[in-house]
Amino acid sequence: MELNNTAALVTGGAHGIGRALCRALHAAGARVAVADLDFASARGVAAEIDGLALKVDVANEQEIIDVVNRTEAEFGPVSLFVSNAGVACGDGPNGAASAPDEHWRTCLDVNLMAHVYAARVMIPRMKTRGGGCLVNVASAAGLLCQIGEAAYTASKHAAVAFAESLAITHGDDGIQVCLVCPQAVATRMTGFDDDGQAEGETGFGGNDVDGIVSSDYVADCILDGIREQRFLVLPHPEVTTYFQRKAADHDRWVAGMQRFRRRMFGEDA
Ligand SMILES: NC(=O)c1ccc[n+]([C@@H]2O[C@H](COP(=O)([O-])OP(=O)(O)OC[C@H]3O[C@@H](n4cnc5c(N)ncnc54)[C@H](O)[C@@H]3O)[C@@H](O)[C@H]2O)c1
């Protein structure tokens with residue numbers, strides 16, 4: 001897809017991966033709407049890239065419709081919608097099932113239902129206009145497992161499955177779906193501040209085994225994926241091997257993850 005002069009809307013654009021993507025899209029010539037719950041920071045990013053700042057709670061379908069309408073009124077038809085906003089809540093003290101319902105609902109609303117709402121508003125418009133691109137930022141946790149984050153992992157698996165359904169159903173409508181599954185990225189979610197300075201150990205489920213990459217690097221990977229019309233974007237190439245091992249022998253993979261969890265929590269015999 002040609003990015004120059006494209007109208008793009010990025011959720012969670014005020015920080016981290018979303019902010020890096022807003023900057024990269026602007027550098028590629030796109031007109032960018034920066035949509036976020038944190039409106040003050042969205043305004044800062046938009047000012048920097050001559051973009052449009054929008055306040056949105058992606059868990060609310062009407063708010064997603066509203067930001068699409070406002071972007072189209074300002075920039076014309078949205079050809080690229082990036083569902084990037086995401087949250088992680090943690091398991092709580094008693095393991096995988098112990099997080100309160102409220103945490104589960106937040107993870108499912110923000111990490112999954114927001115992607116459904118975006119597709120619901122965009123697909124009919126994109127079909128009428130002859131195509132478009134939906135970028136859904138999930139996680140390597142959606143292919144594998146984020147230890148200590150059962151709700152996050154389940155919501156990201158669901159986001160992966162939903163992106164697959166979208167691509168399979170709407171590929172013939174000219175709609176490109178791009179699914180992004182990074183491991184650790186230096187953002188606030190992993191305990192880094194907005195300038196990528198480490199604030200200390202966060203114990204983010206040990207998904208930093210293959211290194212923590214920068215938001216800018218992930219944004220470049222996403223732009224390459226869009227341009228090359230790829231479905232799956234894996235900023236950490238090791239994820240392909242892990243995913244193949246899991247598919248080849250699921251029982252062995254679970255046993256390996258159990259050993260990894262014991263190592264992480266210092267429970268080795
Ligand atoms: N950082 C990582 O290691 C990592 C790894 C894999 C996937 N991801 C995914 O990347 C995406 C971006 O995360 P990040 O690492 O940049 O984190 P981040 O916390 O820096 O940014 C998340 C952004 O989403 C916004 N947001 C949260 N809830 C929202 C809501 N309800 N409505 C609108 N905006 C909301 C936040 O205000 C923030 O600007 C998420 O979907 C996350 O799950 C991150």
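These legends accompany several close-up views of a predicted model. Residues are numbered from 1 along each chain as its sequence is written. In this predicted model, local features need pLDDT of at least 70, side-chain atom pairs count only at pLDDT 80 or more, totals for chains, interfaces and linings use all residues, and side-chain values rest on heavy atoms, with hydrogens and water left out.

**View 1. Confidence along the chain.** The protein chain has a mean pLDDT of 94, and 94% of its residues reach 70 or more; pLDDT is the predictor's confidence in each residue, from 0 to 100. Take some care with residues 197–205, where the pLDDT is below 50. Beyond near neighbours in sequence, this stretch has 17 contacts in the model, a contact being heavy atoms within 4.5 Å.

View 2. Arg 125 and Glu 72 form a salt bridge, with 2.9 Å between the closest N and O atoms. Arg 125 belongs to helix H4 (residues 101–129) and Glu 72 to helix H3 (residues 61–75), so the pair ties together parts that are 53 residues apart in sequence. The term salt bridge stands for a side-chain nitrogen of Lys or Arg within 4 Å of a carboxyl oxygen of Asp or Glu, while helices (H or I, at least four residues) and strands (E, at least two) are DSSP runs, numbered from the N terminus. Glu 72 is buried at a relative accessible area of 15%, whereas Arg 125 is partly exposed at 22%. Here buried means under 20% relative accessible area, exposed over 50%, and partly exposed in between (1.4 Å probe, protein chains only). Look for Arg 129 too: Glu 72, Arg 125 and Arg 129 are linked in a network of salt bridges.

View 3. Lys 127 forms a salt bridge with Asp 173, the closest N and O atoms lying 3.9 Å apart. Lys 127 sits in helix H4 and Asp 173 in the loop between helix H5 (150–170) and strand S6 (175–180), so this pair ties together parts that are 46 residues apart in sequence. Both partners are partly exposed, Lys 127 with 43% relative accessible area and Asp 173 with 25%. His 170, in helix H5, is buried at 17% relative accessibility. Not counting residues up to four places away in sequence, His 170 touches Ile 123, Lys 127 and Ile 175.

**View 4. The largest pocket.** This pocket has a volume of about 710 Å³. Of its 33 lining residues, Asn 84, Ala 85, Gly 86, Val 87 and Met 189 are the closest to its centre. Helix H1 (16–27), strand S2 (31–36), H4 and H5 are the elements that give two or more residues to the lining, and H1 provides the largest share, three residues. On a 1 Å grid over the protein atoms alone, a pocket is an open set of points where a 1.4 Å probe fits, with protein on both sides within 12 Å along at least five of seven lines, and lining residues have an atom within 4 Å of a point. Grid points are joined across faces, edges and corners, and the volume is the space filled by probe spheres set on the points.

**View 5. The loop around Leu 234.** Leu 234 lies in the loop between strand S7 (232–233) and helix H7 (238–248). Leu 143, Cys 181, Val 239 and Thr 240 touch Leu 234, not counting residues up to four places away in sequence.
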